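Please read the following points with the coordinates open beside them.

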Amino acid sequence: MVLWFPAFTNLIGVDEYYGKTEYNNNSDLTDLGIWDEDFMQFFAHTLDTFSRPFVASLFTVSSHIL
């Protein structure tokens, strides 16, 4: 897991960060991060709870275009 990423996003002004701690399901972890499909479903559900308008970004462990 990239442990510095939450600190980096905070430093650049990101208000909310969702990663391993927020996902809270270690069975979906790989050495690089959380399986994309599982985390994307969590991320989509989380976005549905936000007031609009907002900006969101998703960083995945895949190194290819789906």
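1. The count comes to 12 aromatic pairs, where rings of Phe, Tyr and Trp (its six-membered ring) pair if their centres lie within 6.5 Å, with planes under 30 degrees apart counted as stacked, over 60 as edge-to-face and the rest as tilted. The rings of Phe-5 and Phe-59 have centres 5.4 Å apart and planes at 25°, so this pair is stacked. Phe-5 belongs to helix 1 (residues 5–11) and Phe-59 to the segment after helix 3 (36–47), so that the pair links distant parts of the chain, 54 residues apart; helices (H or I, at least four residues) are DSSP runs, numbered from the N terminus.

2. This is a predicted model, in which local features need pLDDT of at least 70 and side-chain atom pairs count only at pLDDT 80 or more, whereas totals for chains, interfaces and linings use all residues. Residues are numbered from 1 along each chain as its sequence is written, and side-chain values use heavy atoms, with hydrogens and water left out.

3. One aromatic cluster is formed by Tyr-18, Tyr-23, Phe-39, Phe-42, Phe-43, Phe-50 and Phe-54. Phe-59, by its relative accessibility of 65%, counts as exposed (buried means under 20% relative accessible area, exposed over 50%, partly exposed in between, with a 1.4 Å probe and protein chains only).

4. Which side chain of opposite charge is nearest to Asp-28? Lys-20 is, at 13 Å, and Asp-28 is buried yet has no salt bridge (a side-chain nitrogen of Lys or Arg within 4 Å of a carboxyl oxygen of Asp or Glu). Asp-28 is found in the loop between helix 2 (20–23) and helix 3; leaving aside neighbours within four places in sequence, Asp-28 is in contact (heavy atoms within 4.5 Å) with Tyr-23, Gly-33, Ile-34, Trp-35 and Asp-38.

5. Two backbone features deserve a look. Most residues other than glycine have a negative phi, and most peptide bonds are trans. The peptide bond from Arg-52 to Pro-53 is cis, with omega near 5°, and Pro-53 lies in the segment after helix 3. Asn-24 has a positive phi, near 55°, and this residue lies in the loop between helix 2 and helix 3, where Asn-24 is exposed with a relative accessible area of 65%.

6. Finally, the surface. Trp-4, found in the segment before helix 1, is exposed, with a relative accessible area of 53%.

Methods:
Helix = DSSP H or I, 4+ residues; strand = E, 2+ residues; numbered from the N terminus. Lys, Arg positive; Asp, Glu negative; His and termini not counted.
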